Amino acid sequence: MKPFLSEIASGPLARRSSRTAKIVYGKKEVLIGGNAPVVVQSMTNTDTADVIGTAIQIKDLARAGSELVRITVNNQEAAAAVPAIREQLDRMGVDVPLIGDFHYNGHILLRDYPECAQALSKYRINPGNVGQGAKRDTQFAQMIEMACRYDKPVRIGVNWGSLDQDLLARIMDENASLADPRTAQSVMYQALITSAIENAQRAEELGLGSDKIILSCKVSGVQDLIAVYRELSARCDYPLHLGLTEAGMGSKGIVASTAAMGVLLQEGIGDTIRISLTPEPGGDRCREVIVGQEILQTMGLRKFTPMVIACPGCGRTTSTVFQELADDIQTFLRDQMPVWKKQYPGVENMNVAVMGCIVNGPGESKHANIGISLPGTGESPAAPVFIDGTKAMTLRGDRIAEEFQAIVLDYVQKRYGSAAEVESN
Ligand code: SF4
């Protein structure tokens, strides 16, 4: 065997160099791009005209950790509701900046509903949906004029389901005249990227600051997204919004989004992410926020919430006790975070291990801040608990879950409560 000669490198490639856009609401500022942490954002699926329903969902998304929330502004009722939604959020103490998603009639709605234009912190413009033919340029210019007037950043968000057909035709013609024409797939990539960059340049020509522009080129295939963003990131220095559009439902949506974004984030590409999951009927919209956070946290790019390390279980665990305990503790930790992140700074770095038996249980538990190793089949009915690598106690009986939760809470208060006191002094 060769001697151990050099460092084994770990971690993502250097972050792509980009401008920084600032999204502001009141005193709240969210930075996208530059050296700012990758931002998690989400989108509501309520009828925006339903002020209370939309405000409640925005509050839930923000509480789950969404740093920006996008709402569709699709008609007059929605535009009229936006200021009322903002006021309702203010009353609830929710300061998350709101993004308005505009298609087809955004130029009219922003013009006719100035309070809506003001209440939003950012506009999303889809260049494929701002109008056809000669109207297209005029209506795009009207939206940019509103962004300039209200001093709002915009995302120029291209989507291959609504690609500007005139531009696509132009690029196809250019391709046809080449001696060695590119593939249809390559033409599609080129059209997406060109649409984003040309419209960004046009927005700058119309007076919008280059630090007020964020780009996205969303597609629904993993390899397509990776190819498009690699090229887009090389061709401009605008901050990039990553998202796999129509990612899908359940595990497929999560896996596809994670596969695509994992590759790009590892290459230093991407400044804000949104996971476009289709919720199951009755499902929780906040799932897309949790998945986004977990992608970033498991890649070591950000810390949001204490992580639970749990073994998968096997034939050595014949009951569901340890699965339930792992789930309970993960839910408990996540539910506490809106309060804990203010009360216990640094708690998001904590690791908790919940293991099913003695094979890997004590070892993994010792590596965590707190770990519990539950008894597997045939083992003595005792659950040793390790705190900071040392066996601290053994739990027995029917109340192991409650007792372990109390131990975790006590640890958090002692370990991170003092950090809060030091910071406030
Ligand atoms: S720690 Fe024990 S229960 Fe968990 S997977 Fe390993 S052997 Fe199975």
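The dialogue below works through a predicted model, setting computed values against the terms used for them.

Student: How is the protein chain described overall, and how much of it counts as buried?

Tutor: The secondary structure of the protein chain comes to 13 helices and 17 strands, and its C-alpha atoms fill a box of roughly 80 × 60 × 45 Å along the principal axes. Of its 425 residues, 51% count as buried, and among contacts with a separation of 6 or more, 66% join residues 24 or more positions apart.

Student: What makes E8 and E9 the edge strands of the eight-stranded sheet?

Tutor: The order of that open sheet is E8-E7-E6-E5-E4-E3-E11-E9, with parallel pairing. Strand E8 (213-218) and strand E9 (241-242) each pair on one side only, and that is what makes them edge strands.

Student: How do you know that E9 and E11 count as paired?

Tutor: Pairing requires at least two bridges between two strands. E9 and strand E11 (residues 272-274) are joined in the parallel sense over two bridges, so the pair meets that requirement. In one of the residue pairings, His 241 has Thr 272 in E11 as its bridge partner.

Student: Which helices lie across strands of this sheet, and at what angles do they run?

Tutor: Helix H5 (residues 133-149) lies across strand E5 (98-102), strand E6 (122-125) and strand E7 (154-159), and runs at about 165° to E6. Helix H8 (residues 222-235) lies across E8 and E9, running at about 150° to E8.

Student: Why is Asp 224 called buried, and what does it touch?

Tutor: Asp 224 has its place in helix H8. Its relative accessibility is 14%, and because buried means under 20%, Asp 224 counts as buried. Leaving aside residues up to four places away in sequence, Asp 224 touches Trp 160, Gln 185, Tyr 189 and Val 219. One of these, Gln 185, is 39 residues from Asp 224 along the chain, yet their C-alpha atoms are separated by 8.7 Å.

Student: Why is Tyr 104 called exposed, and what is noted about its phi?

Tutor: Tyr 104 lies in the loop between E5 and helix H3 (106-112). Its relative accessible area is 59%, and because exposed means over 50%, Tyr 104 is exposed. Its phi is near 65°, a positive value in a residue other than glycine.

Student: Why does Asp 151 count as exposed?

Tutor: Asp 151 is found in the loop between H5 and E7, and its relative accessible area is 51%, which is over the 50% cut-off, so Asp 151 is exposed. Phi of Asp 151 is near 55°, again a positive value in a residue other than glycine.

Student: How is the packing of H9 and H10 described?

Tutor: Two packed helices are described by the angle between their axes and the distance between the axes. For helix H9 (residues 250-266) and helix H10 (residues 287-298), the axes come within 10 Å and cross at roughly 35°, and the crossing is right-handed. From H9 the contact is made by Ile 254, Ser 257, Thr 258 and Leu 265, and from H10 by Arg 287, Val 291, Ile 295 and Leu 296. By class, these are five nonpolar, two polar and one charged residues.

Student: What makes the pairing of E14 and E15 count, and in which sheet do these strands lie?

Tutor: They belong to an open sheet of five strands in the order E13-E14-E15-E16-E17, with mixed pairing. Its edge strands are strand E13 (307-310) and strand E17 (390-395), each pairing on one side only, and the twist averages 20° from one strand to the next. Strand E14 (residues 351-355) and E15 pair in the parallel sense over four bridges, and because at least two are required, the pairing counts. In E15, the bridge partner of Ala 353 is Gly 371, while that of Val 354 is Ile 372.

Student: Which way do the residues of E15 point, and are they buried or exposed?

Tutor: From strand E15 (residues 370-373), Ile 370 and Ile 372 point one way and Gly 371 and Ser 373 the other way, and all are buried. Helix H11 (residues 321-343) lies across E13, E14 and E15, running at about 165° to E14.

Student: Which residues are around the ligand, and how do they divide by class?

Tutor: The residues around the ligand include Cys 311, Cys 314, Arg 316, Met 355, Cys 357 and Asn 360. By class, the whole shell has six nonpolar, four polar and one charged residues.

Terms used: Residues are numbered from 1 along each chain as its sequence is written. This is a predicted model: local features need pLDDT of at least 70, side-chain atom pairs count only at pLDDT 80 or more; totals for chains, interfaces and linings use all residues. Side-chain values use heavy atoms; hydrogens and water are left out. Contact means heavy atoms within 4.5 Å. Axes are lines fitted to C-alpha atoms, for helices over the stretch in contact, and angles run from 0 to 180 degrees between N-to-C directions. A crossing is left-handed if the near helix is turned anticlockwise from the far one by less than a right angle, and right-handed if clockwise. Ala, Val, Leu, Ile, Met, Phe, Trp, Tyr, Cys and Pro count as nonpolar, Asp, Glu, Lys and Arg as charged, and the others, Gly among them, as polar. A residue is near a molecule or strand if one of its heavy atoms lies within 4 Å of it. Buried means under 20% relative accessible area, exposed over 50%, partly exposed in between (1.4 Å probe, protein chains only).
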